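Subject: Structure handover

Hello,

Here is the structure for you to look at. My notes follow below it.

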Amino acid sequence: MSDMPPLEYFPVIDVGPLMKGLVIGGLGIFHVFLAQFAIGGGMLLCYLQWLHMRGACRLARRFADDYFKVLVLVSFVLGAVTGVAMWFTSIQVSPRTIATMVREFHWVWATEWTFFCLEVVAGYLFYRYGPRLTDPARLQLLLLYSGASWMSLFWINGILSWQLTPGGWLESHDVWAGFFNPGFLPSLIFRTISAAAIAALAACVLVNAVGGFSREERHELVAVCARPLVAMLAMPLVGAWYLATMPADSRGWTTGGSVPMTLFLTMAVGSSTLVGLYAVVAILRQRLCVNGATATLLLALAFAATAGGEFVREGVRKPFTIREYLYSNSIARDGIGQLRQRGCATDDPYPLRDAAAYPNAQLALGAKVFRVQCSVCHTLEGMNAVCELAATWSIDQRRLNIAQLQRTKPFMPPFAGTPAEVEAVVQLIGWIRAGRPPDWEEAHDAAVLAQIGRWLDEAGTGPGDARLAATGPLR
Ligand code: HEC
């Protein structure tokens, strides 16, 4: 790991008052939901085709063709567009994370991409020729389609779960140690179950939405399409397994350490429990026929569960994007010490967009330090605004709390710069709070810088202790 530079500079994108993480998060949730629909939909189509061939459901084939059209439209068009949009924004927001993922796993990405192409080809062939093919040929094509889409989940899941639980990879940098990381299996199984559930609920919506089925026929189809929902019974167990593979401090965020994280996990668990209970008790046991409104509500709950789950999965990595390796602000875990000497802005080749707006060089330095170290998670005055968060602090509290960032809130990385850079950020906050006056004196008090240096040393260069998160700043 020592050959890894502490920091690599990429052009920085500025999304104004929005938080960058939120932009990716929003797109990511949509994309995951659609992708899981595509995977589960493929499996459901195979099941319907198989039922039809066994003569077990006379409506299966007709409904399969309706379902497939929606699936193709949604997964190919919306799924592909949100997928590209998500990677595009991720590259803007966290280029170094994505660069590391591509560098470590390029053949895995390539393999995933190959399966995705296969999925598209099989899907297109079925779209074009499906209605005319013989039953065995239809089944084969659907198996190819759904096998390929599940395989693309298999490959991407290894890379995504590696970010949270890199496991043995941290020592060996071995691709397979990273790919088959501790979170790989529970997350693959969990996602497969979610995919089956989402597709089943979407089918229940569709049964009610397409015309041409009588009430009895709708009832029969709902009963058939809802069967995969039984798999949701395994969700608590697999979910608990997944949580157990998480690093203890990550898990700590979801059990009270971070209020939003705990709320989102509760939302995910609560919504899936409601869907699961309704599915198993009402649809499968009491054989109720869900109407369009109920089915839509259930699907919306499944979306909420996916959103909560994805938010938690992205959030619990903090302060890392790759656990124990790369901090959320793209600074290498092992590079903090070096940057404390060298400064994080010293080698930054990119000029400030609004350099003329700062009355002195110290404030401009503060703006650069903020851009490098803080801007992934904060804005100065918009969402999660640093100037608001530190508004009530005295100037010395600002110095102390920023120098000891990982103690202030353990989901922040340690400060990765010199005492002068801490002071520059503190001055920047003071200047903005004062209403950006055109004249602002630089502050270079040697005693203050020495004190900041001691605070930096005291906090050390490692990540904070998440178990202390609930208690807030240590002091
Ligand atoms: C990994 C994301 C992340 C990074 C990087 C980050 N922060 Fe934070 N920071 C947060 C979050 C999340 C909070 C909690 C906000 C809240 O409590 O509403 C926070 C809180 C704060 C607070 C308020 C703390 C308190 O106790 O109320 C300050 C001040 C702050 N950050 C400053 C900074 C500065 C300065 C930097 C850069 C040197 C930085 N942060 C980098 C995520 C981050």
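Arg-287 lies in the loop between helix H11 (259-285) and helix H12. Helices here are DSSP runs of H or I with at least four residues, strands are E runs of at least two, and both are numbered from the N terminus. The phi of Arg-287 is positive, about 50 degrees, although Arg-287 is not a glycine. Arg-287 is exposed, with 11 other C-beta atoms within 10 Å. The cut-offs: buried means 20 or more other C-beta atoms within 10 Å of a residue's own, exposed means 12 or fewer, and partly exposed is in between, with C-beta atoms placed from the backbone.

Before the rest, two ground rules. The model is predicted: local features need pLDDT of at least 70, side-chain atom pairs count only at pLDDT 80 or more, and totals for chains, interfaces and linings use all residues. Numbering starts from 1 along each chain as its sequence is written.

Other backbone points

Glu-324 also has a positive phi, near 65 degrees, and is a residue other than glycine. Glu-324 sits in the loop between strand E1 and strand E2 (326-327). Glu-324 counts as partly exposed, with 16 C-beta neighbours inside 10 Å. Lys-318 and Pro-319 are joined by a cis peptide bond, with omega about 0 degrees. Pro-319 is in the loop between H12 (292-315) and E1 (320-322). For context, most residues other than glycine have a negative phi, and most peptide bonds are trans.

Overall layout

The protein has 19 helices and two strands. Its C-alpha trace spans about 85 × 40 × 40 Å along the principal axes. Of the 475 residues, 48% are buried. Among contacts with a separation of 6 or more, 78% are between residues 24 or more positions apart. A contact means C-beta atoms, placed from the backbone, within 7 Å.

The domain assignment gives domain 1 (20-327) and domain 2 (333-471). Those bounds come from an automatic or database assignment. The two domain centres, taken over C-alpha atoms, are 40 Å apart.

Nonpolar covers Ala, Val, Leu, Ile, Met, Phe, Trp, Tyr, Cys and Pro; charged covers Asp, Glu, Lys and Arg; the others, Gly among them, are polar.

Arg-399

Arg-399 lies in H16. Arg-399 counts as buried, with 21 C-beta neighbours inside 10 Å. Leaving out residues up to four places away in sequence, Arg-399 touches Val-422, Glu-423, Val-426 and Ile-452. Leu-456 is 57 residues from Arg-399 in sequence, yet 9.9 Å away, C-alpha to C-alpha.

A helix pair

H7 (residues 184-209) and H8 (residues 215-225) pack at about 170 degrees, with axes 9 Å apart. Axes are lines fitted to C-alpha atoms over the stretch in contact, and angles run from 0 to 180 degrees between N-to-C directions. H7 and H8 are therefore roughly antiparallel. That term covers angles over 145 degrees; under 35 is roughly parallel, 65 to 115 roughly perpendicular, and the rest oblique. On the H7 side, Ala-200, Ala-203, Cys-204, Val-207 and Asn-208 meet Arg-218, Leu-221, Val-222 and Cys-225 of H8. That contact has seven nonpolar, one polar and one charged residues.

Best wishes

Definitions and conventions
Contact = placed C-beta atoms within 7 Å.
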